Amino acid sequence: MNNEDLEILIKKTKDRATEIFAKTENCAYSPFIALMEAINVPLNDEINAIPIGFAGGISGSGHICGALWASIATISIYQKKFVDKNNENKNEPFTLHYISVHNKSSETYKNFVSTFGSPNCKDLNTKFDLISEEQRKKCTYIVRKSVEITLRELFEKESDKNGKQ
């Protein structure tokens with residue numbers, strides 16, 4: 001994917017995630033659905049239900065941010081499809097076969113933490129406040145940025161490795 005197409009995809013997906021977040025206030029659901037659409041994964045009721053309970057740091061527990069969960073889930077889904085499609089050696093041990101899933105997930109996690117200072121909802125939303133306009137803006141920014149981090153990890157770094165700009 002060239003840089004111009006990537007920037008268009010990022011903007012479109014961020015806007016879609018923002019639209020969904022405004023309706024649902026669910027920081028895991030909104031980026032997950034927008035990212036699934038962006039990577040052309042067919043959605044159905046079962047897939048749509050998966051992210052719902054991850055909002056608020058896994059059901060409001062304050063642990064891993066729902067937007068980060070959505071990023072890692074997307075990386076896993078996309079990379080597994082990519083590896084299965086492009087790698088003939090399926091006799092490798094599971095972990096070795098899917099090492100790119102782990103590596104891209106790890107990079108995404110590190111980038112998220114570097115950007116926000118923590119992977120945990122309780123640190124990003126200390127009062128677990130979904131009512132104030134200030135926190136909604138902050139969570140919207142986190143959702144949007146997580147979408148960008150995810151898509152850049154999936155497509156920008158591959159383009160760089162392949163010498164495509």
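Trainee: Which residues does Asn48 touch, leaving aside those up to four places away in sequence?
Mentor: Asn48 touches Tyr29, Ile33 and Leu43, with residues up to four places away in sequence not counted. Keep in mind that this is a predicted model.

Trainee: Where does Asn48 lie?
Mentor: Asn48 lies in helix H3, which covers 45-49.

Trainee: And how many Å apart are Asn48 and Glu133 in space?
Mentor: From C-alpha to C-alpha, Asn48 and Glu133 are 27 Å apart. In sequence, 85 residues separate the two.

Trainee: Let me step back. How many helices and strands does the protein chain have?
Mentor: The chain has 8 helices and 0 strands. Along the sequence the pattern reads α-α-α-α-α-α-α-α. Its radius of gyration is 16 Å, close to the 15 Å that the globule rule gives for 165 residues, so the chain is as compact as a globular protein of that length.

Trainee: What box do the C-alpha atoms fill?
Mentor: Taken along the principal axes, the box is roughly 50 × 35 × 35 Å.

Trainee: What share of the residues count as buried?
Mentor: Of the 165 residues, 42% count as buried. As for the surface, the chain exposes about 9100 Å², and carbon and sulfur atoms supply 54% of that area.

Trainee: What about contacts between residues at least 6 apart in sequence: what share join residues at least 24 apart?
Mentor: Among those contacts, 68% join residues at least 24 apart.

Trainee: Now the inside. Which residues have the most contacts within the largest nonpolar core?
Mentor: Those are Phe32, Cys65, Phe112, Ile142, Leu151 and Phe155, in a core of 36 residues. H1 (3-24), H2 (29-38), H4 (66-86), H6 (99-116) and H8 (133-161) each supply at least two residues of this core.

Trainee: Which helix gives the most to this core?
Mentor: That's H8, with 8 residues.

Trainee: Cys65 was on your list. What does Cys65 touch?
Mentor: Setting aside residues up to four places away in sequence, Cys65 touches Gly57, Phe112, Pro119, Asn120, Cys121, Leu124 and Ile142. Two of these, Phe112 and Ile142, are also among the core residues with the most contacts.

Trainee: Back to H2. How many of its residues are buried?
Mentor: In H2, 9 of the 10 residues are buried, so this helix is largely enclosed by the rest of the structure. Among them are Tyr29, Phe32, Ile33, Leu35 and Met36.

Trainee: Which loop does Glu25 lie in, and what is its phi?
Mentor: Glu25 lies in the loop between H1 and H2. Its phi is near 55°, a positive value in a residue other than glycine. At 31% relative accessibility, Glu25 counts as partly exposed.

Trainee: Okay, how about Ile58: where does that one lie?
Mentor: Ile58 lies in the loop between H3 and H4. Phi of Ile58 is near 70°, again positive in a residue other than glycine. Ile58 is partly exposed, with a relative accessible area of 40%.

Trainee: Switching to H4. Is Ser71 buried or exposed?
Mentor: Ser71, which is found in helix H4, counts as buried at 1% relative accessibility, because buried means under 20%. Ser71 touches Thr108, Ser146 and Thr150, not counting residues up to four places away in sequence.

Trainee: How many Å separate the C-alpha atoms of Glu107 and Ser71?
Mentor: They are separated by 11 Å, and the two residues are 36 apart along the chain. Glu107 lies in helix H6 and is partly exposed, with a relative accessible area of 33%.

Trainee: Last one, on charges. How many positive and negative charges are there?
Mentor: There are 22 positive and 22 negative charges, and their mean positions are 2 Å apart.

Definitions and conventions: Residues are numbered from 1 along each chain as its sequence is written. This is a predicted model: local features need pLDDT of at least 70, side-chain atom pairs count only at pLDDT 80 or more; totals for chains, interfaces and linings use all residues. Side-chain values use heavy atoms; hydrogens and water are left out. Helices (H or I, at least four residues) and strands (E, at least two) are DSSP runs, numbered from the N terminus. The radius of gyration is taken over C-alpha atoms; the globule rule is 2.2 Å times the number of residues to the power 0.38. Buried means under 20% relative accessible area, exposed over 50%, partly exposed in between (1.4 Å probe, protein chains only). Contact means heavy atoms within 4.5 Å. Accessible areas come from the Shrake-Rupley method with a 1.4 Å probe; for residues, only the protein chains shown count as cover. Lys and Arg count as positive and Asp and Glu as negative; His and the chain ends are not counted. The place of a charge is taken as NZ of Lys, CZ of Arg, CG of Asp or CD of Glu. A nonpolar core is a set of buried Ala, Val, Leu, Ile, Met, Phe, Trp, Tyr and Cys residues joined through side-chain atoms within 4.5 Å.
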